[in-house]
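Trainee: I would like to learn how to read some features of a model. Can we start with aromatic rings?

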Amino acid sequence: MNEPSTGGPRAASPEPTLVLKAPLSGVVVPIEKVPDPVFAHRLLGDGVAIDPVSAILLSPCDGVVATVHPSGHAVAIAADAGVEVLLHVGLDTVALGGRGFVPRVAQGRRVAAGEPLLAFDADLVARSARSLVTPVVVTSRERVTSARFATGEVTAGVDDLMVLTLVPSAFPLVAPVAGERTRDVRVMRRLGLHARPAAALASAARRFRAEVLVETGTSMASARSIVGLLSLGVVHGEVVRLRATGPDAGKALAALARVLEAEEGHEAAAPLPSAPRPARSDARVFPGIPSAPGCATGPVVRLAREEPEVVEEGSDGRTERRDLDFALEEAKVQLRALEARLGAEAGSEHADIFEAHVALLEDPLLLSEAEHEIAAGKSAAFAFREAVRRYSDRIASLPNPALAARAADLRDAGGRVLRILAGSRSSAPAPPEGAIVVSEDLTPSEAATLGRGGVAGFCTVAGGATSHVALLARSMGIPAVAGIDARALEVEPGVPGVLDGDAGELRLAPDDAERESVRERCARRAARRTADRLAALEPAWTRDGVRVTVLGNAGSLADAEDAIAAGAEGIGLLRSELLFLERANVPTEDEQEAVYRAVAEAVGPGRPLVVRTFDVGGDKPLRWLPLPEEENPALGERGLRVFIDRPDLFRAQVRALLRVPLEYDVRVTFPMVATLDEWRGALADVEEERAALGAPPRVAGMTVEVASAAILADAFLREAGFATIGTNDLTQFTLAMDRGHPRLSPRADALDPAVLHLVARTAAAGRKRGVPVAVCGALAGDLAAVPLLLGLGVGELSVGAAQVPSVKARVRELSLEECRSLAVGALEAGTAAEVRALLAAARGAA
């Protein structure tokens, strides 16, 4: 072996050091030479890699196993010196789903240097994965001041691979204390400890080196287990005791208490009736709980589910565990894609329901139960089905209806995994378009799929006004009734019915008078929507002759096609990161170019297609571009900043966009631009790549999402070809309120006068420089806010496909002069509530 390179501490240095032994035998590869940008750019941390000739991964130091990846290809060790080391066998090996890997340790196990962590089939992995090169990375960079790395060949368990100089600690590193710390906390969540707060609590618990238990008067659960937390049945106002042990016990207690004591954010959208209304004497009427407003007529159809058949007895445990791991990972990919799609298409504030489902699939209690069954010789599908049934039944039996309704979330998440294990993604045939669906219960996934399939409404025996299905139905504009009389399940399929989501009832075989009454209500709304759609392909002119461009927002090819079909005059925001959301590796330049070309062809020549370069970081993670954890990620590496140190990824995307034929009006905008230097640097990169390709110029613009960009809008728009205001981010950064914060999100109102002043300032700069200014955030689709935006000087609105016709229709009702007068009043207001009152008064007067 060659000795580690010089530059480390002298032997007499008082600074603490940590020696990491080689975990594999082979040739040392500098980290920047690893053929994977995630490691080469040190996104996970600094270190080296080994091109191995051995096939048993050894622990590089004494410590505790912090993580064993479900696919078995990676292990993280928490060294006794307070440093975490990640050992990742091969590149893209997660795609093997565990094939070829045999873990020798479990999470929480204490290991000594040189102890085997996992074994792998080197031939299989080499044939199946991109590379066998194994990065060894120190992920806790804040603890390391300098490092010496070995070069040449190393022998596993013998040679030093790294010598780390550590930050001197003001306090001695001690083993976890044996004593227990406790704290009593009153749960202020309005609906108690249900799925989303349970997921938030579990996520917070996993950040600390502490074991925390949540105790009620009769039972106890680990704070890391969502299933266990749901099973406690904790309701609003109940006092629970937190018991914590470990070095971070105090910090963990404080953080978890904040989660429990936080009041609800957007969950208070609908009241929770204590019980369904009493049945009426009319046997044709099935009363329930109003869950989502609106009315609909159509044939009543019961949703038929076909549970996948599973074999009880399994093969060898390792194969069954591997199959389960693969299905779990695939289910998480699907759920995250559904979450992103709902958020992009409808601006749904309830898309995070599916992030809670992801957390359920990572629940240690549920997985432990399934593993116990597999160890007993059962198949992965049988084991997981039984685990889901056992815990969902326990949750469903809780006396609190809001908490009992969470059993549907667990069944939904578990059913998705079972269908993947059985080789089927759909759980039931799709009901006909325009049908009123009746079911014992609907899972959120089913509700989202049925809503996109064109059903007229939902009726469920279970659930309530606060169920996730109700929240989704409201966000999709589909009437829904929950807690309906179970007799509805016996209705003959195809019987005509009327669903009244406002009154909370389903009426079968209505007579003429009943049908006419409901039909009039539905007809008024439908006529308006039809009229809007019929005129949607026409330009939107105000009454006093001002043209307003209405564009579409998109996160996929289908979104772009829907927007153009709905009357959008182009795409005002293509969220490029969503095009590659489900990928596990970085999309190549050719792959990107093919996708961008397909979207451009869907938009058509002559229509603008504004592509926002990859917007990642903060609340927008990408599997193929992991970022290091930050204390305040929203103010850290986000948007354009992510790519300042990763120019190869940025330039590859730019080249792909420049390669789209010139007949398509592809424009590029950069996310989260905060300074002129950032803007100019990105523009210089675009120009260099354009010159190298010999491509014609493209229009480049900027997104205005932070206050600095709006304040300096005049300086930016001397150089930018257009500006797009993202009111969602602009609001949270202007008001310093995280839009996902459980207590603050309701107050993060885009109609706050502070935000409106920044919009007005940007629009004024656009008029001065002759540069178009658009709004692409949720505010653009708020019909009450449209006149205000026009009055502030915004000339383009970019909205979801479903909103295009109604926004155009709203524009045609307005006079720009009246809009300007409204804007003057809004800018003189002091609060968002005053602005909303002003808008309501103006709408009423009209």
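Mentor: By the ring-pair rule, the count comes to three aromatic pairs. The rule takes rings of Phe, Tyr and Trp (its six-membered ring) and pairs them if their centres lie within 6.5 Å; planes under 30 degrees apart are stacked, over 60 edge-to-face, the rest tilted. This is a predicted model: local features need pLDDT of at least 70, side-chain atom pairs count only at pLDDT 80 or more, and totals for chains, interfaces and linings use all residues. Residues are numbered from 1 along each chain as its sequence is written, and side-chain values use heavy atoms, with hydrogens and water left out.

Trainee: How is the pair of Phe 650 and Phe 670 classed, and why?

Mentor: A pair of aromatic rings is described by the distance of the centres and the angle of the planes. For Phe 650 and Phe 670, the centres are 6.0 Å apart and the planes meet at 50°, so this pair is tilted. The pair links distant parts of the chain. Phe 650 sits in helix α18 and Phe 670 in strand β31, 20 residues apart. Helices (H or I, at least four residues) and strands (E, at least two) are DSSP runs, numbered from the N terminus. Ring pairs also bring in Trp 679, giving a cluster with Phe 650 and Phe 670.

Trainee: Is Phe 650 buried or exposed?

Mentor: Phe 650 is buried, because its relative accessibility is 3%. Buried means under 20% relative accessible area, exposed over 50%, partly exposed in between (1.4 Å probe, protein chains only). Phe 670 is buried too, at 0%.

Trainee: How many cavities does a search of the whole structure find?

Mentor: Rolling a probe the size of a water molecule over the atoms shows where empty space is left. Here the search gives four cavities of 30 Å³ or more. A cavity is a set of points, on a 1 Å grid over the protein atoms alone, where a 1.4 Å probe fits but cannot get out; lining residues have an atom within 4 Å of a point.

Trainee: What lines the second largest cavity?

Mentor: Its lining includes Val 654, Leu 658, Val 668 and Arg 698. Helix α18 (647-658) and strand β31 (665-670) each supply at least two lining residues. By class, six lining residues are nonpolar, none polar and two charged.

Definitions and conventions
1 Å grid on protein atoms, 1.4 Å probe; cavity = no way out; pocket = protein on both sides within 12 Å on 5 of 7 lines; lining within 4 Å. Points joined across faces, edges and corners; volume = space filled by probe spheres on them. Nonpolar A, V, L, I, M, F, W, Y, C, P; charged D, E, K, R; others polar.
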